[in-house]
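Student: I am new to this structure and would like to go through it step by step. Could you guide me?

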Amino acid sequence: MRALTWQGTHNVRVDTVPDPQIVNPRDAIIAVSSTAICGSDLHLYDGVIPGMMPGDILGHEFMGEVVETGPDSSLMKGQRVVVPFGISCGKCFFCSHHEYSACSNSNPVDKQDLSAALYGHAMSGLFGYSHLTGGYSGGQAEYVRVPFSDVGPIVVPDGLEDDQVLFLSDILPTGWMAAKNADIEPDDTVAVWGCGPVGLFAIQAALVMGAARVIAIDHWPHRLELARQLGADIINFRESNVLEALMEMSGGLGIDAVIDAVGMEAHGFAIENLFDIAKQKLSYGADRATALREALLAVRRCGKVSIPGVYGGMADKFPLGAVMQKGLQVRTGQTHVQAFMGELLEKIEDGTLDTTFLISHRLPLEEAPRGYRSFHDNQNEWTKVVLKTGMNSLH
Amino acid sequence: MQTENEVSRRPRNVTALFVALAFTVGAAGAAGITAFRRNKQRQRQGDDAPGYTARRNFRQYEVSGRTVTIARPREELYAFWRDFENLPKFMENVEKVRRTGPNDRAIWTIKAPGRTTVDVETEIVREEAGHFMAWRSLPGSDIDTEGRVAFEDAPGQRGTRVTALIAYKPPGGKLGKVIARMLQREPEVQARHDLKRFKMLMETGEIATSARRRDEAGDADSTRRHVQPEEA
């Protein structure tokens, strides 16, 4: 099959590799129709996440048709499914509490030690996201082996286009959980840092949940414009003093709920040279490091803090005093995708949620390397890249 | 007390083989766990931590222990483990276990360096059905080891806490040297990994692997070298 493989920093290519097979009883094989490049894939592209090996297949946002099933899979050949980015067994303590992204059993045992050493407990398995999270082959390929296929994939009706449902795999539930974690109430003023796909979906979710006002913060004009079209007010941090503006826009009370959809993924999963990487990123990624601190200062006393942005290492100069003295609630975590997929599919079907507005580019899988390069170099216009296996290459 | 303890509690340079042996084998005497229990009692005067987490030694025996919580009924887990022929399904270094006759004796075939194997014969020395079993290697074995595993109900609906405890005396002689040279990982790492695989198998019916094809399963990651990313 053809698959997008990681070869090194800023070096990805489409290769021919052996097709996947059913390995475990609950597996299924999916023939991918659409798959997206995630903002977090850029950190693999940048080479800042350890545990990558040349030849690893990337991609954790994908959907397609079931073409083969193991004896214990509940799926049937021919079904059209969207697959969550996280792999969950459905049976462990966490899965039974619908905390799917904390699954105990999806990261292979020999891959668990590094993240356990860093966090006290091992991470769960993820598709296409380094050997720290299992070394699973990802979805930017013609076929994918999907473990625990009776738990993760959701069957989608034929009446919905791929582009409408693809983001159920990651960014739509991630934005939704971000708003849920902010406990949004009807009169709330909500501020969202970062108008990437997750930030935009968090804005949309906050509005659906009844927030009185949502304020979006970014510096890319096109991304801010998308936020405005969703119904948010916008602040360009290159043009305005964010803290002062937020205080004024909330009538001096402070923001009720803040959502950091920026994160510092570049610190992510760094086990070796943790402090060096952290320092390095703080110096060149100062805007990004600033987002969470700014959110913690902007939120009102006894306010709510939600962090969907990915952090992996240790934060320097974290305003813990603000958290304690203002009595803040802080909630975060990898998304429990399986817990939200059904509810969100209904909201797509009834038109409550739009998912296609942020797609800026559709490319054949064969052109994935160009997609990575452009998404990386031109964030203003390349907001979301969807790769199609059935599309003919124009180049 | 310190002076009689020549070997540190935590195995330093011993291997997976040892652990597997420990799980499987048993040897000459019960001195290891006896020493462990004696120390555990002393430890208890200080705090409530499990004895095997103590910062102290157990005479010449290496002792390691691990607990895992498994969301399955205690009786089911006990019965699966009690059938020793099941153990190779989740113990990485145990190739097979074959019953040999009276007193629940069994021969464990353990993977050894250079694609060879070592056979160790064990017997069950104590058990309480549904709760506890202990085994040890028979006298004359190359490695003096014993193990026990206990199953207790976890609070509420959480299933069962499974605690495995392994004690062994590092072997001398030619075999000891071979093993010491080959062993890279601490036995308690192997014990932890084996218990996690046991949990996976009992909770999910399978053991997670990221292998894309069946012929990669098992050694999917030993065939490629990990590459560290370049600094950005």
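Tutor: Let us begin with helix 13 (residues 368-377) of chain A, which lies across strand 1 and strand 2 of chain A. Its direction makes about 165° with strand 2 of chain A. Please keep in mind that this is a predicted model.

Student: What is the order of the strands in the open sheet of three strands?

Tutor: The order is 2-1-4 in chain A, and the pairing is antiparallel. Strand 2 (11-16) and strand 4 (56-57) of chain A are the edge strands, each pairing on one side only.

Student: How many bridges are there between strand 1 and strand 2 of chain A?

Tutor: Strand 1 (residues 2-8) of chain A pairs with strand 2 of chain A over six bridges, in the antiparallel sense. Within strand 2 of chain A, Asn11(A) is the residue that stands opposite Gly8(A).

Student: And what holds paired strands together in general?

Tutor: Strands of a sheet pair through backbone hydrogen bonds, either parallel or antiparallel.

Student: Let us move to the open sheet of six strands. What is its order, and is the pairing parallel or antiparallel?

Tutor: The six strands follow the order 11-10-9-12-13-14 in chain A, and their pairing is parallel. Strand 11 (233-236) and strand 14 (329-332) of chain A stand at the edges with a single partner strand each, so one side of each has no neighbour in the sheet. From one strand to the next, the twist averages 20°.

Student: Which helix packs on that sheet, and which strands does it touch?

Tutor: Helix 6 (residues 197-208) of chain A packs on the sheet and touches strand 9 (189-193), strand 10 (213-218) and strand 12 (255-260) of chain A. The direction of helix 6 makes about 170° with that of strand 10 of chain A.

Student: How does the chain get from strand 10 to strand 11 of chain A?

Tutor: Those two strands of chain A pair in the parallel sense over four bridges, and Asp218(A) stands opposite Asn236(A) in strand 11 of chain A. The chain crosses from strand 10 through helix 7 (residues 221-230) of chain A to strand 11, in a β-α-β crossover that is right-handed.

Student: How many bridges join strand 12 to strand 13 of chain A?

Tutor: Four bridges join these parallel strands of chain A. Ile255(A) has Val299(A) of strand 13 of chain A opposite. Strand 13 (residues 299-307) of chain A is also joined by four bridges to strand 14 of chain A, again running parallel. There, Val305(A) has Val330(A) as its bridge partner.

Student: Now the helices. At what angle do helix 5 and helix 12 of chain A pack?

Tutor: Helix 5 (residues 171-181) and helix 12 (residues 337-349) of chain A pack at about 100°, with their axes 9 Å apart. The two helices of chain A are therefore roughly perpendicular to each other.

Student: Which residues make the contact?

Tutor: Helix 5 of chain A contributes Leu172(A), Pro173(A), Trp176(A) and Met177(A), while helix 12 of chain A contributes Val337(A), Phe340(A), Met341(A) and Leu344(A). By class, this contact has eight nonpolar, no polar and no charged residues.

Student: How many residues does each chain give to the contact of chain A with chain B?

Tutor: Chain A gives 38 residues and chain B gives 27. The side of chain B that touches chain A has eight nonpolar, seven polar and twelve charged residues.

Student: What are the confidence scores of the model and of chain A?

Tutor: The model scores ipTM 0.90 and pTM 0.85. Chain A averages a pLDDT of 91, and 92% of its residues score at least 70. Over residues 266-276 of chain A, however, the pLDDT is below 50.

Methods:
Residues are numbered from 1 along each chain as its sequence is written. Chains are lettered from A and ligands numbered from 1 in the order in which they are written. This is a predicted model: local features need pLDDT of at least 70, side-chain atom pairs count only at pLDDT 80 or more; totals for chains, interfaces and linings use all residues. Axes are lines fitted to C-alpha atoms, for helices over the stretch in contact, and angles run from 0 to 180 degrees between N-to-C directions. Angles under 35 degrees count as roughly parallel, over 145 as roughly antiparallel, 65 to 115 as roughly perpendicular and the rest as oblique. Two residues are in contact if their C-beta atoms, placed from the backbone, lie within 7 Å. Ala, Val, Leu, Ile, Met, Phe, Trp, Tyr, Cys and Pro count as nonpolar, Asp, Glu, Lys and Arg as charged, and the others, Gly among them, as polar. Two strands pair if DSSP finds at least two bridges between them. pLDDT is the predictor's confidence in each residue, from 0 to 100. A crossover is right-handed if, with the strands pointing away from the viewer, the path from the first strand over the helix to the second runs clockwise.
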